[in-house]
Amino acid sequence: MLRSVKRAAERGLQAGILTVFAVGLRRRSPGAVVNAVCALFVTALPRRLERRYDLELRAWQRLYVDTGMLTHAVGMLGPYDDVWWWDNVTHTCSATLLGGVVFAAARRRDRDPRPRVVAVVVCLGVLWEVFEYVIHAVARRLGVEPILVSYGSADVAADLAFDLLGALLVLAFGDRLLGNLVATDEHDGR
């Protein structure tokens with residue numbers, strides 16, 4: 001029964017993302033539509049990773065991914081503009097998701113995850129900010145609504161700070177919370 005409750009919660013979060021997609025279509029908001037599609041894609045990744053790498057994610061880990069993607073998608077319907085802390089939460093969450101993948105991959109290869117997690121999260125955070133700026137600038141030049149919005153240098157600095165916070169959270173709690181994703185002697189045949 002608990003398994004069906006967990007699966008229902010997952011489907012509920014994914015239904016929330018589909019709802020954002022539908023509302024985005026109704027409002028003719030390309031940002032909401034594109035973010036919802038991307039979010040749905042990301043929610044499918046845990047099951048694919050489980051099959052490909054012989055992993056078993058805990059239910060809370062899948063729900064965490066789905067919740068993070070839902071918050072991103074919902075943000076495009078207004079909270080990014082109306083709720084001052086929304087962007088901070090989503091950047092921290094994204095950084096923990098990305099950092100968690102890097103952490104688990106490093107541990108599976110018997111490497112120190114600390115420099116890798118920080119480097120990947122910060123570098124991809126910078127690339128994301130550049131991508132966000134370019135998308136916004138091109139959309140403005142073409143006179144269309146951007147799918148991503150750039151709010152200036154202070155926002156970029158805050159985004160990168162919260163990305164770094166997410167990376168540090170992964171380093172602080174990764175061994176405890178992501179241990180199931182690290183190969184054990186049983187799994188790798190040693």
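**Rings, a pocket and a helical fold**

By the ring-pair rule, this predicted model has 2 aromatic pairs.

Reader: How are the planes of Trp 128 and Phe 131 arranged: stacked, edge-to-face or tilted?
Author: Happy to walk through it! A pair of aromatic rings is described by the distance of the centres and the angle of the planes. For Trp 128 and Phe 131 the centres are 5.6 Å apart, and the planes meet at 50 degrees. Planes under 30 degrees apart would count as stacked and over 60 as edge-to-face, so this pair is tilted.

Reader: In which helix do Trp 128 and Phe 131 lie?
Author: Follow the numbering and you will see that these residues are 3 apart, about one turn of a helix. The helix that holds both covers residues 113-142 and is H6.

Reader: Is Trp 128 buried, partly exposed or exposed, and what about Phe 131?
Author: Buried means under 20% relative accessible area and exposed means over 50%. Trp 128 has 36%, and Phe 131 has 40%. Both values fall between the two limits, so Trp 128 and Phe 131 are each partly exposed.

Reader: Which helix gives the largest share of the lining of the second largest pocket?
Author: Let's start with the pocket, which has a volume of about 190 Å³. Helix H1 (2-27) and helix H3 (59-75) each supply at least two residues of its lining. The largest share is 4 residues, and the helix behind it is H1.

Reader: How many charged residues are in the lining of that second largest pocket?
Author: Among the lining residues are Arg 3, Lys 6, Glu 10, Arg 47 and Glu 56. Leu 57 and Ala 59 also line the pocket. By class, the lining has 2 nonpolar residues, no polar ones, and a charged count of 7.

Reader: How many helices and strands does the protein chain have?
Author: Reading along the sequence gives the pattern α-α-α-α-α-α-α-α. The totals for the chain are 8 helices and 0 strands.

Reader: What radius of gyration does the protein chain have, beside that of a compact globule?
Author: The C-alpha atoms fill a box of roughly 60 × 40 × 25 Å along the principal axes. With 190 residues, a compact globule would be near 16 Å in radius of gyration. The chain agrees with that, at 18 Å.

Reader: What share of the residues in the protein chain is buried?
Author: A residue counts as buried when its relative accessible area is under 20%. Out of the 190 residues in the chain, the buried share is 37%.

Terms used. Residues numbered from 1 in each chain as written. Predicted model: local features only at pLDDT ≥ 70, side-chain atom pairs only at ≥ 80, totals over all residues. Heavy atoms only, no water. 1 Å grid on protein atoms, 1.4 Å probe; cavity = no way out; pocket = protein on both sides within 12 Å on 5 of 7 lines; lining within 4 Å. Points joined across faces, edges and corners; volume = space filled by probe spheres on them. Nonpolar A, V, L, I, M, F, W, Y, C, P; charged D, E, K, R; others polar. Phe/Tyr/Trp six-rings, centres within 6.5 Å; stacked < 30°, edge-to-face > 60°. Buried < 20%, exposed > 50% of the residue type's maximum accessible area, 1.4 Å probe, protein only. Rg over C-alpha atoms; globule rule 2.2 N^0.38 Å.
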